[in-house]
Amino acid sequence: MELGSAAGGGAGAGAAKVEEKTAFDVKLEKFDAAAKIKVIKEVRAFTNLGLKEAKELVEKVPVVLKQGVTKDEANSIIEKIKAAGGSAVME
């Protein structure tokens, strides 16, 4: 009886991994040195950080910029970072 329970538990864990992810993190991987100011401005726009805090965050590359956002919001942030001269990914 215990073997059946263990097998059933394993199948349930596999099914949980198949579910689509709904919360994503946006990670800044790198940026062009010439575009640093533009990247900092974009980071300030969607994080509500002050200038000093945003600058320190950007300088810690690679760093997670925002956590637990929707896929659409993450894509929007990534596009804005790319337009400013940075490279970001969704995790």
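Tutor: Helices (H or I, at least four residues) and strands (E, at least two) are DSSP runs, numbered from the N terminus. On that basis the protein chain follows the pattern α-β-α-α-β-α-β along its sequence. The model is predicted: local features need pLDDT of at least 70, side-chain atom pairs count only at pLDDT 80 or more, and totals for chains, interfaces and linings use all residues. Residues are numbered from 1 along each chain as its sequence is written, and side-chain values use heavy atoms, with hydrogens and water left out.

Helix H3 spans residues 51-58, and its buried residues are Ala-54, Leu-57 and Val-58; buried means under 20% relative accessible area (1.4 Å probe, protein chains only). Seen down the axis of H3, these residues fall within an arc of 95 degrees, so they line one face of the helix; the arc is that of the directions from the helix axis to the C-beta atoms. An α-helix has 3.6 residues a turn, so residues three or four places apart point the same way.

The buried residues of H3 pack against strand E1 (24-31), helix H2 (36-47) and strand E2 (63-69), where contact means heavy atoms within 4.5 Å. The axes of H2 and H3 come within 9 Å and cross at roughly 115 degrees; axes are lines fitted to C-alpha atoms, for helices over the stretch in contact, and angles run from 0 to 180 degrees between N-to-C directions. In this contact, H2 contributes Val-39, Ile-40, Val-43 and Arg-44, while H3 contributes Leu-51, Ala-54, Lys-55, Leu-57 and Val-58.

Definitions and conventions. Buried < 20%, exposed > 50% of the residue type's maximum accessible area, 1.4 Å probe, protein only.
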